[in-house]
Every structure is written in structure tokens, then in C-alpha cells.
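Subject: Structure handover and notes

Dear colleague,

Please find the structure below.

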Amino acid sequence: MFKDRIVNYYIDKSMEYGHNHLNKKAIDCVDKILFLDKNNARALSFKGLYYAFLFEKEKSFECFSEILKNNPDDVHCYYRKGLACMELVEYEQAVDCFKKVLDVDPHHPIVLRYISSCYLYLEEYDLAFNSINDVLKEDMENPELLLSLSLYYDVLEMYDESLNILNKIIEKNPNEDNALLQMAIVYRNQEMYDDALKYIELALNINADCIVSKSIKYNLLAYVGDFEHSLQGFDEISKTYFDGWGVIESYYSYYGESLEVMGKYEDALKVYDEYLEKYPNFPKK
């Protein structure tokens, strides 16, 4: 019982760090569990996920292999390995892992959403659409799958269809920050920057610490000509310590693009070079 309390405490603490993109600190937490119990599957699976956020592919997969060596049917391991594979841009492997989860829970909405997203990233558009639609036939109100469907339409530049779906989600739940963020991205993709700013502000009202939302906001300010507040915003983000590769890449790409919009091309090159030099193991796209 006491051991379970220790495990739960450090898992919860690690998740708090992970949520704030402090993955090295999250790993320190789960290592305290593994010091007491080196085969603790829960701790190992979270450690594998945190390594994926750091884009440490080999270390991530080692954690999951250790679990599956002892329990090849661990569904929680497959779930977190699927998430890790998505983070590591290994979408086919992610689909294989998520299908192991569906063997146990065939209608798991979040897993079905992740699978459809993987198909989108693989540009398997028919598979993506079919995987979403198969579930929506039975549950037309499922917000997780509706978000995937809106992303599907956005990728195909069917913006009106994407916005219609997002509006339905927001009508039912005005505080659905993922839908608000997606709404801002769809408007941004259409170069409707004022509308995009409106929705990114709504998303930030719900989750004020979201670094991706902040980066998009300051990028949009550059597009509407508010260069001073755009630069000030990026400068404030840069003083915040975080280590997840996805948010770091978003920060640098949106910052560099904003400098290009301002005509500050040499400064933009410095931003891109800093990313390449400081994070050599991160994707270079």
C-alpha cells in the first residue's frame, strides 16, 4: 500500500512536469520509482514517453521493450508507445500499437482519433476518413472524432467543412480549447489573421500557459503588422525553460517565420541556426 502511494505520487508529479514540457524533470521523477522497482511497467512506460518528447528514440523504445519482454500484452504500454511513436514521427508503428489497444477496447475514442491523425500524417486520406466515419456512424457527437474530421478537412483545404465541424463542437462546449486552437489554425491557413487572433485569444483564456498557442498568437501579430508586440511576446517565451521538441520546434519555426514577415531575414536565419545548433537530435525539417 505504501509503495503504491509512492508510485502514484511520483507518476502524478512526472505528469505535471510533462504537461509543462519539462520532460527531463519528469524522467527524474519516474527514476525514483525505478530505483525502488526497476521493472515497474507504469514508470517505464511514462519514461519511454518522456524520452520521445525529447526525441531520444533509442532510449524511448528501450523502455517499452523492457515492459513487453515481461508482459507482451500490456495494453497500457502499447497505448503510451503509440503516443511515443507519434511524437517520434513513426506513424506506421503508432498505428500498430494503437490497434493493440483497440483489440481490448474497440471504440476507444481517443485512440481512434490518434489512428486517424496518423493516417493523415501518412497522407493516407481514404484510411483517415474511413477510420473516423466508421465511429461517427454510431456516435455523431463524439468530440474527439469530430476534431479529427475537422483536421482532415483542413489538411485537404476544405476550410468551410472544417469550420462547420469546429463550430458544432464549440457550441456544445465553449471551453473546448483544442477546438478553439484548431479554429485559429484553420483561419490562419486561409490568411484570415484577425479571425485567427480572436480564437487564439479564446484558447489562451482557457489555457494561458500553452506555448504553441502563444507562438501562434505572436506569429499572427506579425501578420497583422503589430511587430512590436510580436517580438516582445516571442522574447518573453524565450525566457521560459522547456524541453519538449514539439513546442521548441513550434516556437522557433513561428518566431523565424514572423521575422521573415517583418523583413528581418538575417535575424530569422539566426533563429533557425540556433535551433539547429542547440537541438542537434531534433528533426530538421
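A salt bridge here is a side-chain nitrogen of Lys or Arg within 4 Å of a carboxyl oxygen of Asp or Glu. This is a predicted model, in which local features need pLDDT of at least 70 and side-chain atom pairs count only at pLDDT 80 or more, while totals for chains, interfaces and linings use all residues. Residues are numbered from 1 along each chain as its sequence is written, and side-chain values use heavy atoms, with hydrogens and water left out.

Salt bridges

Side chains of opposite charge can pair when their charged atoms come close. By the rule above, the count comes to 7 salt bridges. One of them joins E90 to K57, with 2.7 Å between the closest N and O atoms. This pair links distant parts of the chain, 33 residues apart: E90 is in the loop between α5 (75-87) and α6, and K57 is in helix α4 (residues 57-70). Helices are DSSP runs of H or I with at least four residues, and strands are runs of E with at least two, numbered from the N terminus. E90 is partly exposed, at 24% relative accessible area, and K57 is also partly exposed, at 30%. For these classes, buried means under 20% relative accessible area, exposed means over 50%, and partly exposed lies in between (1.4 Å probe, protein chains only).

Helix α4 also holds the pair E66 and K69, 3 residues apart, or about one turn of the helix. Their salt bridge has its closest N and O atoms 3.1 Å apart. E66 counts as partly exposed because its relative accessibility is 29%, whereas K69, at 59%, counts as exposed.

In helix α16 (residues 265-278), E274 and K278 are 4 residues apart, again about one turn. Their side chains meet in a salt bridge at 3.9 Å, N to O. E274 is partly exposed, with a relative accessible area of 35%.

Surface patches

Patches are made of residues with over 30% relative accessible area and no salt bridge; like charges are joined within 9 Å, and nonpolar side chains (Val, Leu, Ile, Met, Phe, Trp, Tyr) within 5 Å. Lys and Arg count as positive and Asp and Glu as negative, with His and the chain ends not counted. A charge is placed at NZ of Lys, CZ of Arg, CG of Asp or CD of Glu. Accessible areas come from the Shrake-Rupley method with a 1.4 Å probe, and for residues only the protein chains shown count as cover.

A patch of negative charge on the surface gathers E92, D96, E123, E124 and D126. E92 sits in helix α6 (residues 91-102) and is exposed, at 57% relative accessible area.

A nonpolar surface patch is formed by V155, L156 and M158, which together have about 200 Å² of accessible area. V155 belongs to helix α9 (residues 143-155) and is partly exposed, at 38%.

What does S215 touch, leaving aside residues up to four places away in sequence? Its contacts (heavy atoms within 4.5 Å) are F234, I237, S250, Y251 and Y254. S215 is in helix α13 (residues 211-223), and its relative accessibility of 0% is why it counts as buried.

S230, in helix α14 (residues 227-238), is buried too, with a relative accessible area of 0%.

Regards
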